Amino acid sequence: MMNRYIRSLMQNFGQRDYKNFIGYVYTTLQKEIDAIKNKKDKDKYIKIRKSILEYIVSNERAITSELRRNKIK
């Protein structure tokens, strides 16, 4: 599931820079979190954001390689 979500984020990103991608992921998920009114759901999405960012950091080479392969739209 996480890998599918990250691929979706990569496709919508449109750049090749790894550090900008991390910022993009954080702000995209923060917008979703800010739109939620329920505290329980916010906490759930904060945990999801944290796990996605941990995955991206621990798989930096694979993510960077995938970003480079994606064509800029």
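Does Glu66 count as buried or exposed, and what is its relative accessibility? Let us walk through the structure and come back to this residue along the way. Keep in mind that what you are looking at is a predicted model.

Start with the overall fold. The protein has four helices and zero strands, so following the chain from one end to the other gives the pattern α-α-α-α.

Next, consider how the chain meets itself. Among contacts in the protein with a separation of 6 or more, 65% are between residues 24 or more positions apart. Of the 73 residues, 25% count as buried. The accessible surface comes to about 5500 Å², and carbon and sulfur atoms account for 51% of that surface.

Now back to the residue we began with. Glu66 sits in helix α4, which covers residues 60-69. Glu66 counts as buried because its relative accessibility is 17%, and the cut-off for buried is under 20%. Who are its partners? Leaving aside residues up to four places away in sequence, Glu66 touches Arg7 and Met10. With Arg7 there is a further detail to look for: the side chains of Glu66 and Arg7 are joined by a polar contact of 3.3 Å.

Key: Residues are numbered from 1 along each chain as its sequence is written. This is a predicted model: local features need pLDDT of at least 70, side-chain atom pairs count only at pLDDT 80 or more; totals for chains, interfaces and linings use all residues. Side-chain values use heavy atoms; hydrogens and water are left out. Helices (H or I, at least four residues) and strands (E, at least two) are DSSP runs, numbered from the N terminus. Buried means under 20% relative accessible area, exposed over 50%, partly exposed in between (1.4 Å probe, protein chains only). Contact means heavy atoms within 4.5 Å. Accessible areas come from the Shrake-Rupley method with a 1.4 Å probe; for residues, only the protein chains shown count as cover. A polar contact is a pair of N or O atoms within 3.5 Å; within protein, one must be able to donate a hydrogen and the other to accept it, and residues adjacent in sequence count only if both atoms are side-chain atoms.
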